[in-house]
Each structure stands twice: as structure tokens, then as C-alpha cells.
Amino acid sequence: MASVIYRIVSKQPSGYCINSSLLRSSSSLKCWQRCVTTFRTEISDPSEHSFDHEGQFYTIPKKDVQKIFMLNWMSPHEKNMNKMFQEFSILIRRPALEVMDILKRLNYNYPLTRFLLYGEMNAGKKFTMTHIMHYCRSQNWVLLTVPWANEWNCKRLDVSFNHHKESLFDLPVHSKILLEDFLLKNMSLIKEFTTSTTYEFSEHEASEQGIPLTDLISFGITRMKFANDVVGALLKELQILANNDKIKLLVTIRGINSFWRKTGQKKEKVQEIHAQQLTLVNQFMELLQSDTKNAVAMCSTESWVNDVTDRKSYLPTELMGKEGVDFLEPFLPIEVPKYGNAELQSVMDYYIDRRWIQAPEAKTLDGRAQIKFLSGHNPYQLYRVCVPL
Amino acid sequence: MAASIPTATRSFIKFIGSELWFSTGYRTPSKCLTRTLSTQSVASTDSEVTRPKRRAEKLSAAMKAFLKRAKEHESKINKYTEEYELGRKHLANMMGIHPDEMTQEHINEAIRYLLPSGLFDKGSRPQFKHPKDILPLNFDFPFDKAGRPYHYQYYTLLPNYHCIMSEAAWRMECLREEEVRIGSTGAPPQEEMKHLSEEYEWMDLRTFLNYFKSNHSEVVQVNEHNRFVILMTKLSKMRLREQDVAFLKQFGSPKTSEINVMDTEEIKKFYVNEQGRKFRTKNGYRKSAIAQVTVYAEGEGILEINGKGIEYFESQYAREQVLFPLVLTSSLNKVDVHARVEGGGEMGQSGAIRHGLSNALLPFVSQQMVNKLSLSGLLDRDSRVKERNKPGQKKARKQFQWRAR
């Protein structure tokens, strides 16, 4: 009954919600559990998701999970969840559906479209990104992911000087990881493509024209010294390919507001390095400002990037600063809100189904109301509240 | 012989004394010993003839002491009554009332005015009462002329207490026999009855001590009270007859579930908004945090703290503090809460909100719930504050490192 009253404003038909609410208000819990699991869908292909399915869970088939998500994208917390729940399922939410809707209708002859996801901490930006990535993968796009951009800003990394430009700094280890990740994800798609120009990495080493891309990447992996340059080369190649209508490119960067912060490092332990002085950052910024067709960039501003004291703000203007906003304009801002009441109910249904909530008082309506109160509609807080239950 | 007599008597005394020790606990009244002790010759045949005389002499000595005490007591009482009457007349004169028309209430009022006292214990404040209210009037002899005590348990030194206990025990034995009889007839067991101990609460320690002191001038100890409670609960759990119920009801009072703890008009006050919604604002305090909480009735469950939702508090414990009064009164989704908090830290602020919330919820909640809230302590201001640092110690409790030299 309660869910009918507190439904969030939405366009979709009310059939789903009334159905579930009637079931919930029926006398016995068992009857309800046996009847319908309205928090799930069977459809695992994201392209078929529509606004009808909002508020429901769908599972990603196992073969995709390992390749795409488990390696670099998911944090250990989420890997644990995967192990625990024995499956990988995501809640279908409005922002993801909106983005997918736009992607379906987009005219790809126009230059790069930039989405900017923003929202409060732990509101679910990462999972919307996974949803969109799954969709793009099913459409056979090439995925280029930067799982956590603030890694480049950490203290005490191996930093070496760039050969070509004196003022910039290389990050060999991180570039290597990027290349490996890219290779694993997009192996099947890049097999045929070859480089278009020669790239000179140093006086003696150079890659010639016409080598398959995979070779270029593996060269970067083996020779860490030149990994950063290989990344630059790769990005240029991808731009050329996209312009020629051969691939569709999806660039995901998590935590883009780290591009305009100081890193924690010091040049020769004296001078501070700003993120703008890293080659990787510059390369990605070039990519984002370029006019490639058939490409979409999905960025997110995270308040995790800031220090512990500074995490209250979550609006992009505050996090990125004027420079960032000027750089990224024009972009499509997409807000990832906290859970609405219907979503909360379905998430709790899911937890009960997966035996994550075990206390019998927690399964009653009163218990759920209390959990809702305590979590404050925040997805991660909801998870933490249900931990001891 | 004469020299050995003292030793013989001593061993005799010890023997008797030890017996007495076992029978009455750990006190051997000297009176009993004096009865058996005879420093003069014992072994002679004359003793049988002379003993009653001596006993009478000894008794009369005790009686003499008793009589003396009784006379003192009487004179004391007379003196006190005279003083009381005098003082009463003076008071009446001062107050301008005729002494015959002056009641105890007048006296109390006057004393409260003349000798104001801020002591918490009302019994230790200055009082002006007739001595019969304070001291026992009759100094009764608990034994007759021959010295035989009236009460059959006089030698236990707490005759009334032991009388009650033995009566209860005797009743228990009777009831047990009856049950055995009933059981042997083969009747099916009776349905469960409501035991008296569930409805009644036995006398707590204070009333117990008072009961014996005032009525019988006996000083009872704590373990006696414990034994009393155990025995009464045991007895009350058996199948009782009417007489047993009447006997037990003397020592108990019905449980306090029907007593209203707070029933003033102030609690029920609330204001009405411009939009016609009832609301009530109350302040809550905890450890230098002040919270102003407004509760709107007929609401939806909106919570607002300083402009933010419950994310204002980051820790789960603080959030649960705010949740608790709402859950207890089961008004989670029926009430709107708006709060403004200042001062203190996270926990202090959450405690302050809790205090204000529970005080503000009172008019919208039933009387039973009000009792529950006050009994649970949600309405009291938590008076725990940080302890001050002391000189000679590092912090409030931490000491400096101990050195041998």
C-alpha cells in the first residue's frame, strides 16, 4: 500500500507498481514470495530494456562478466558481492535508460558527444556506467575505459620524463595497465585493423605503418618505457578508425575532475606536479576535444577524488572548477539520483531473495520502513544497513 | 569444688550457648545466658529449692530494668507532649488561630514557612508532630510476670517477622498436602491459573523495614527481606485458598501498570499552523548540543535536519538515535519532523534531537505510550557531561606514572 502513495513521478504505466503493491498487502508473506518476483526481468540484452523495466534487476550473462567487468572495472567490494550473490545483476534505473535512449537515436556523423554523470557519493554512477557499457558491448562498440582517473594523481608513482616534451611526465605502469585492459576487452574487434602511420618512439625504436594494432599494443605492454607513447598512438589510431566509420568508440572516464587537480607527487621531491603535466591526461583531453565521429564519451565527476574533508559537494561546477567546465562544454549532464521509494522496495526484495537480509523482522513492512529511514535513500548506505541483518 | 564450679558453668554455658547459636542465628541474648549462669553454688542440693528464688530474683532484676525503662519512656513521652502542647499554643498565637481549631495542616504550613529546608528527603525536614506519631506510646511488656514471653517466637528476637514466615511455610505445607491428595485421586491437572505474583508486587525493602519498625519496633536486615520475597513468591505460585490470598495481599500492592506517570495539561499542548496542521516545538539537550524540534502531526514521514535529510548524520548509531522514538511510538510515516541543531558533536546532536523528538511527540500519542516513554527515559535530559580534569592527575581519572621513589 505504501509504495502506491510514495511513488516517484515517472512516465511509465502504473501497472507494475500496483501489481506489486497489491501483492505486498496480501496476507501472507509466503504467498507473495511465491507469486511473482517483480523485481527481476528475464531480458538480459540491454538493447531491449525500456522504461517498462525501470526498477527491476537484470542479470548479465556470466561469459560477459569476467571479460568486461571483473578485471579492472569492478572494485573488490563489488567482486565480493558477485561471489556472494552468485550472479551479477544490475538495477535498471532512469539515467541509464535515458542515455541508452539517446544513444539509439544519435546521429553519429556529428563529432564527439560528451555525457557527464554526476550525483551524490555512492548514488550509483558506476553501475549506470556498467549498464551502458554492457549495452555498447552488445552493439559491438570498442570500449576504452579508465576505471579510476585519480590513480594517476597518487603519491609516489613511477614517473619518468617524457622524451618528446620536456615539461610532461610519463606514467609507464598505468599506461601498461590501460593497454592490457584494452586488449583484453576488445581483442575480437580490433583484429583486422592496422596502423596508418609510423610512430617514432625514440631514435632507434619505431613502429612502421601497416602493423596490426594488436602488435602495437603488445609492443607497448612489453616495453614499458614507451607505454605512454603507445597509448597516444593508440588513441590517434582509434580516432582515425572512428572517422572512417569502421568502429564505434565509447570512452568512459571515471572521476574526470581529477584532471584539474594537483597530483600528490613532487618532481625530484621539490616541485609539485599538476595533473595537467601528465601525458596521459593531455592525451585524453585531446581525445575529448577532438572532432571524431562515431564516438561517445561518458565521464563522471566523483567527490571521492577530493580529500576527506572536502566531499560534501557533488555538483560538477564545484568539483571540476571553471577550467573543467569550460573544457568539457558542451556536454550533456545527467544526474544520477538516489533511490526512489519503488527502487528501494525492489532492492530490498532482491536482497531478501538472495538471502542477504535474513532477520525476520527486517522482512516486514515495519522493518523495511526502518531500513528505508536509516539508509537515507542512499544505495551504499542501504547495503551497509543490511549488513548486520 | 568451688574452683571447678566456674569452669563447669562455663562449659555448660558454652554448650547451651552453642545450641542457642544454632537455633536463633548468630545472636545469643545475654538474658538467656544469665538464666543459666549461676556463679553461686550449683552442685548443692539446695540449688533446686533456691533456684526458683534466684530465678525470680534474676527475673526481677531484668524486670526491674524493664520497668525502669518503661518509666523513662513514659516520662519522656509526657515531657514531649507538654512541649508539644506549649509549642502548639505559641504557634496558634503567632498564626492568630484559636488553638482548638488548629489542625496538623496549619502546623505543617507554618513549619515550612518558618524553617524552610531544601533537603530532598522529606523525612529529614523539620517536623512538628505529636510524640504519639513518632514514638510508640505503649511500652508493652512482651512477657508476663513470671517472665514467660507472650509471643511463642520471642527468642528469635524478630518475633513478628518469624511469625509471618512460619505461617507462610505452614500454609505451604497444607497446600502441598492437598495437592498430593488431589493428585492421588487421579483427577486431571487443572488449567493454568493466573498466579498472584504476576499481579502483585511484594513489598520492597524500604516499606518492609518501615512496616516492622513502626508496628513492632523490630530491626530487620536485607537478607531477611530476600528470604521473605522468595517465600512469598513460592507460596503464591501454588493453588491458593481464599484465606491464603487474604494473607498474601497484606504484603503486596498491585503492579503499577495502571498508574499514570505523567498526566499534566502541559504535555497535551500543541499549536495549530496557518495551514491548519497541528504541530509542537520542543527543545532537546545533550552535552552542549541544543536542538529545536518541530513535529507536525498527520504527516508523511519527512525528516529534515538543518536543511538536510538524515544524511546530516554519517554514522549509523546517530541515525538510530533519531529513529528510536519514532519506532517506539510507531509513528514513522505519520509524522513530519523538522529540526535545527547547534553545538556539540555528532553524537551529542543526535541525542539532543532524540530528546526533543520524544518530548514533542507527546500530545499526538496515547497516555499509555506517554507512560512508556517516560519510563524508558527518553524524556529525561541526559545529564552526563565530561568530567573535569583534576590537579595531581593527568586527566579526569588517569594518574601520573607511579614511581617507587
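Helices (H or I, at least four residues) and strands (E, at least two) are DSSP runs, numbered from the N terminus. The model is predicted, so local features need pLDDT of at least 70 and side-chain atom pairs count only at pLDDT 80 or more, while totals for chains, interfaces and linings use all residues. Residues are numbered from 1 along each chain as its sequence is written, chains are lettered from A and ligands numbered from 1 in the order in which they are written, and side-chain values use heavy atoms, with hydrogens and water left out.

View 1. B:Val365 lies in the loop that joins α12 (346-360) and α13 (367-376) of chain B. Its relative accessible area is 15%, so B:Val365 counts as buried (under 20% relative accessible area, 1.4 Å probe, protein chains only). Apart from neighbours within four places in sequence, B:Val365 is in contact with B:Thr329 and B:Val370 (heavy atoms within 4.5 Å). Between B:Val365 and B:Thr329 there are 7.3 Å from C-alpha to C-alpha, at a separation of 36 residues in sequence.

**View 2. Interface of chain A and chain B.** Eleven residues from chain A and 15 residues from chain B make up the contact. The buried area is about 1,200 Å², with 57% given by carbon and sulfur atoms (accessible area, 1.4 Å probe, that two parts lose on being put together, summed over both).

**View 3. Salt bridge between the chains.** One salt bridge is counted between chain A and chain B (a side-chain nitrogen of Lys or Arg within 4 Å of a carboxyl oxygen of Asp or Glu). A:Lys338 pairs with B:Glu311 in a salt bridge, with 3.1 Å between the closest N and O atoms.

Notes: Buried means under 20% relative accessible area, exposed over 50%, partly exposed in between (1.4 Å probe, protein chains only).
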